[in-house]
Amino acid sequence: RTQDLDCSRKQGTLYVINNLFKIYFRLNNMRLGKALIKSVEADGSNTFERYKMSQKVTYNYFLGRMCMFDNNYQKAEDHLQYAFANCHRAYTKNKVRILIYLITVQLVRGQFPKQHILQKYGLGVFIELVRACRTGNVRLFDQTMHTQQDWFIRRGIYVILQKAKIICYRNLVY
């Protein structure tokens with residue numbers, strides 16, 4: 001009985017942590033989220049495997065976003081990839097949310113998503129940006145950033161996407 005109670009408490013803990021992440025992101029206060037990460041990591045990896053997949057996906061989504069804002073793009077990509085790969089296929093809105101940040105991280109790292117994935121999930125706003133980065137078309141990059149500026153700002157990725165301009169310059173040279 002105590003083992004079941006302990007397990008259900010841990011399940012509830014990750015649920016509460018995920019909701020706190022949601023609140024902290026809405027308040028634009030990621031600093032408070034770092035303490036939440038420490039509390040989950042303190043339980044150890046064995047405990048993390050026992051959580052429900054939906055909670056693990058949500059946790060990795062927020063953790064990936066935190067890493068992205070800390071400029072730790074490799075870790076961010078790992079967490080967002082996990083979230084995307086393990087998100088149930090019926091939850092396309094959640095997959096789109098994950099993809100927005102995953103694509104952002106990949107662009108900054110010089111990786112380009114396939115056009116059919118962008119079209120499949122209705123993320124056409126990235127098509128021109130990817131084309132600009134791939135071909136080194138700085139003018140197209142600037143035009144796309146300007147026309148989609150409001151959309152990028154609402155999702156908090158505008159400044160990070162500006163870093164992808166370096167990839168655009170790199171590909172201009174090659």
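In which helix is the place of K165?

Reply: K165 is in helix α12, which covers residues 165-173; helices (H or I, at least four residues) and strands (E, at least two) are DSSP runs, numbered from the N terminus. The model is predicted, so local features need pLDDT of at least 70 and side-chain atom pairs count only at pLDDT 80 or more, while totals for chains, interfaces and linings use all residues. Residues are numbered from 1 along each chain as its sequence is written, and side-chain values use heavy atoms, with hydrogens and water left out.

With a relative accessible area of 19%, K165 counts as buried (under 20%; exposed is over 50% and partly exposed is in between, with a 1.4 Å probe and protein chains only). Its contacts (heavy atoms within 4.5 Å), leaving aside neighbours within four places in sequence, are V138, F141 and D142. Helix α12 also holds I166, which at 60% counts as exposed.

The buried residues of α8 are I127, L129, V130, A132 and C133. Their cover includes α12, together with α6, α7 (115-120), α9 (138-147), α10 and α11. After α8 comes G136, with a positive phi near 80°.

Two residues with positive phi are not glycines. N28 has a phi of about 60°; it is in the loop between α1 and α2 (33-42) and is exposed, at 58% relative accessible area. N71 has a phi of about 65°; it lies in the loop between α4 and α5 and is partly exposed, at 43%. Most residues other than glycine have a negative phi.

Helix α5 comes next. Its 14 residues, 73-86, should span 20 Å at 1.5 Å a residue, and its end C-alpha atoms are 20 Å apart, which agrees; the expected span is 1.5 Å times one less than the number of residues. The buried residues of α5 are Y73, A76, E77, H79, L80, A83 and F84, and they pack against α4 (53-69), α6 (92-108) and α11 (158-162). The charged end of K95 sits over the ring of F84, 4.1 Å from its centre. A charge sits over a ring if NZ of Lys or CZ of Arg is within 6 Å of the ring centre and within 35 degrees of the ring normal. R65 likewise lies over the face of F25, at 4.2 Å from the ring centre.

F25 is one of the residues that ring pairs link into a cluster, the others being F21, Y59, Y61, F62, F69 and Y101. The structure holds 10 aromatic pairs. In one, the rings of W151 and F152 have their centres 5.7 Å apart and their planes at 75°, so the pair is edge-to-face. Rings of Phe, Tyr and Trp (its six-membered ring) pair if their centres lie within 6.5 Å; planes under 30 degrees apart count as stacked, over 60 as edge-to-face and the rest as tilted. Both residues are buried, W151 at 16% and F152 at 0%.

The largest pocket holds about 830 Å³ of space. It is lined by 30 residues, of which K22, Y61, F62, R65 and R97 lie nearest its centre. The elements giving two or more residues to this lining are α1 (2-26), α4, α6 and α10 (149-154). Helix α4 gives the largest share, nine residues. On a 1 Å grid over the protein atoms alone, a pocket is an open set of points where a 1.4 Å probe fits, with protein on both sides within 12 Å along at least five of seven lines; lining residues have an atom within 4 Å of a point. Grid points are joined across faces, edges and corners, and the volume is the space filled by probe spheres set on the points.

For the chain as a whole, there are 12 helices and zero strands. The C-alpha atoms fill a box of roughly 65 × 30 × 30 Å along the principal axes, and 44% of the 174 residues are buried. Of the contacts with a separation of 6 or more, 55% are between residues 24 or more positions apart.
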